[in-house]
Amino acid sequence: MRKREYLQSVGGDISFKFYQTPTDFVVDEIPSTEFKGKGNYLILHVKKVELTTWDMIAVFAEYMAVPAQKIGYAGLKDKHATTTQYISVDASYEQLLKKFYHKQIKILSTTRHSHSIRMGDLAGNRFSINLHFVDNIDAGKIEKVARKIAKDGLPNYFGYQRFGRDADSIQQAKEMIQGELFIEDNKVKKFLISIYQSVFFNDWLRDRVMLTLENNETKFKLLEGDVYQSKDGKLSTPKIMPTNDYESKKVVPTGLLCGRDVFRARSEAREIEKEYDDEFLQDKGYRREAVIYPKDIECTYVKKQTLLNFSFSLPKGSYATVFLESIAGKNYSAKDVKAKAKK
């Protein structure tokens with residue numbers, strides 16, 4: 001897998017450490033809808049610590065004696081973190097859940113809604129991450145470049161978490177696609193297909209970032225034939241490059257997640273895109289925003305601990321670690337953030 005390249009960073013004169021631990025990495029889900037307060041579904045706002053979303057769902061399923069498929073959720077949250085998210089269950093379990101207890105899961109609040117939560121029913125996520133070994137001068141540099149990235153846009157790479165601890169799932173995905181590996185479990189097959197698509201996307205995005213840098217630009221360079229996504233999710237390939245709409249963030253360029261029944265780029269943009277396309281892949285294809293804009297950045301510096309608490313919001317499907325990589329100007333892996341170093 002090729003290195004993720006970025007448009008801006010604080011450069012090599014600064015470094016910081018961050019760790020995916022429950023105290024240093026906090027994620028709060030931002031729902032895409034306002035729950036009505038009435039209906040046949042119970043919405044639980046839950047906090048989990050050191051558990052995957054699937055692990056948490058399994059705990060609730062066992063407690064209520066229902067299939068896990070009966071529990072709705074909007075997205076998957078990190079295991080090595082403290083995270084909050086919303087799940088939905090049939091309202092008939094409301095009384096039973098009042099007695100629920102688990103040392104790694106807490107129900108923060110409940111409300112009612114007219115339908116269950118479905119995958120993708122979230123606007124984004126709010127992150128609060130502690131950056132360690134930062135002096136006050138470097139803290140200022142980090143905040144400055146973070147706000148610059150938020151203004152000009154962040155390349156929307158899939159983070160290292162997407163590809164497994166040692167990126168071993170990439171090889172499995174390629175072997176399955178080529179018919180060299182048989183996978184019976186449909187969930188595993190779907191996961192490996194998404195890995196395959198994500199590798200192509202990241203490699204395409206890297207090429208486009210490098211093209212931008214070669215032109216000495218700090219904002220993602222647009223090409224004739226790019227496919228754009230509007231705020232309401234509609235895709236288009238305008239005949240005239242929508243520079244003004246892009247500058248005002250009304251539209252964003254997108255990259256291909258290869259597959260069937262998907263909008264493909266044209267002209268100059270297609271020349272690069274086709275190098276990272278598999279037109280024979282029978283699974284559904286998608287478009288993904290090439291650029292995102294982090295919002296609501298807050299930085300709090302604790303001098304005695306040489307710690308900078310860095311908070312921000314990202315759209316759904318985007319990775320906080322990618323934002324941190326962009327600031328640091330380096331790539332991270334699971335090994336880099338696993339254990340907290342002793343001071």
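User: What makes F312 count as buried or exposed?

Analyst: The model is predicted, so local features need pLDDT of at least 70 and side-chain atom pairs count only at pLDDT 80 or more, while totals for chains, interfaces and linings use all residues. Residues are numbered from 1 along each chain as its sequence is written, and side-chain values use heavy atoms, with hydrogens and water left out. Buried means under 20% relative accessible area, exposed over 50%, and partly exposed in between, with a 1.4 Å probe and protein chains only. F312 has 0% relative accessibility and therefore counts as buried.

User: Why is the pair of F312 and F323 called edge-to-face?

Analyst: Rings of Phe, Tyr and Trp (its six-membered ring) pair if their centres lie within 6.5 Å; planes under 30 degrees apart count as stacked, over 60 as edge-to-face and the rest as tilted. The centres of F312 and F323 are 4.9 Å apart and their planes stand at 90 degrees, so the pair is edge-to-face. F312 belongs to strand β14 (residues 307–315) and F323 to helix α8 (residues 320–328), 11 residues apart. Helices (H or I, at least four residues) and strands (E, at least two) are DSSP runs, numbered from the N terminus.

User: How many aromatic pairs does the whole structure hold, and why is the pair of F310 and F312 called tilted?

Analyst: The search finds 15 aromatic pairs. The rings of F310 and F312 have centres 4.8 Å apart and planes at 45 degrees, so this pair is tilted. F310 is buried as well, with a relative accessible area of 0%. Ring pairs join F25, F127, F310, F312 and F323 into a cluster.

User: What describes the packing of α3 and α8?

Analyst: Their axes come within 10 Å and cross at roughly 115 degrees; axes are lines fitted to C-alpha atoms, for helices over the stretch in contact, and angles run from 0 to 180 degrees between N-to-C directions. Contact means heavy atoms within 4.5 Å, and by that criterion I142, V145, A146 and I149 in α3 meet F323, S326 and I327 in α8.

User: Why is D152 called buried, and which side chain does it meet in a polar contact?

Analyst: D152, in helix α3 (residues 136–152), has 3% relative accessibility and so counts as buried. A polar contact is a pair of N or O atoms within 3.5 Å; within protein, one must be able to donate a hydrogen and the other to accept it, and residues adjacent in sequence count only if both atoms are side-chain atoms. The side chain of D152 makes such a contact with the side chain of Q8, at 3.3 Å.
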